[in-house]
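Hi,

Here is the structure I promised to pass on.

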Amino acid sequence: MEEFYDQPMPRTNKPWGKIQETIEAHKGEKELSPEAEIAQVEEMMVMSYLACPKEKTLRQRDKYFRNVAFRGLRQLLQEAKELEFV
């Protein structure tokens, strides 16, 4: 992203305790607030719940998506820019 936009994009890290506090504060809500949804995704990232085993992923990509052309981030950003989505 920094390379594509030719500008720095600083990263921030939220303390694990703050993520857990946010999740705990929103427990029992019928509908999650955007703050609670973000905290849930942050928790998944910290706990590596979103990580996929590389070899298994490559096997499945070849088996199920052989004829699908996957875009890299640069290509996706370029297409979005041309279509004025970004």
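**Salt bridges and the rest**

E79 forms a salt bridge with R71, and their closest N and O atoms are 3.1 Å apart. (A salt bridge here is a side-chain nitrogen of Lys or Arg within 4 Å of a carboxyl oxygen of Asp or Glu.) E79 is partly exposed, at a relative accessible area of 24%; the scale is buried under 20%, exposed over 50% and partly exposed in between, using a 1.4 Å probe and protein chains only.

Before going on, a word on the source: this is a predicted model, where local features need pLDDT of at least 70 and side-chain atom pairs count only at pLDDT 80 or more, while totals for chains, interfaces and linings use all residues. Residues are numbered from 1 along each chain as its sequence is written, and side-chain values use heavy atoms, with hydrogens and water left out.

Back to the salt bridges: there are five in the structure. One of them joins the side chains of R74 and E3, at 2.4 Å from N to O. This pair links distant parts of the chain, since R74 sits in helix α5 (residues 73-82) and E3 in helix α1 (residues 2-5), 71 residues apart. Helices are DSSP runs of H or I with at least four residues, strands are runs of E with at least two, and both are numbered from the N terminus. R74 is partly exposed at 49% relative accessible area, and E3 is exposed at 62%.

Another salt bridge brings together the side chains of E42 and K14, 3.2 Å from N to O. E42 belongs to helix α3 and K14 to the loop between α1 and α2, so this pair ties together parts that are 28 residues apart in sequence. K14 is partly exposed, with 38% relative accessible area.

Now for the aromatic rings. A pair is described by the distance of the centres and the angle of the planes. Rings of Phe, Tyr and Trp (its six-membered ring) pair if their centres lie within 6.5 Å; planes under 30 degrees apart are stacked, over 60 edge-to-face, and the rest tilted. The structure holds two such pairs. F4 and Y5 make an edge-to-face pair, 5.0 Å centre to centre with 85° between the planes. F65 and F70 have ring centres 6.1 Å apart and planes at 80°, so that pair is edge-to-face. Y5 is partly exposed at 29%, and F65 is partly exposed at 42%.

Which residues does H26 contact, leaving aside its neighbours within four places in sequence? They are L32, S33, E35 and A36, where contact means heavy atoms within 4.5 Å. H26 lies in the loop between α2 (16-25) and α3 and is buried, with a relative accessible area of 13%.

Helix α3 (residues 34-46) also gives the most to a nonpolar patch, with three residues. M45 lies in this helix and is exposed at 55% relative accessibility.

Last, two backbone details. D6 has a positive phi of about 55° although it is not a glycine. D6 is in the loop between α1 and α2 and is exposed, at 70% relative accessible area. S48 is also not a glycine, and its phi is positive, near 60°. S48 is found in the loop between α3 and α4 (54-64), where it is partly exposed at 45%.

Cheers
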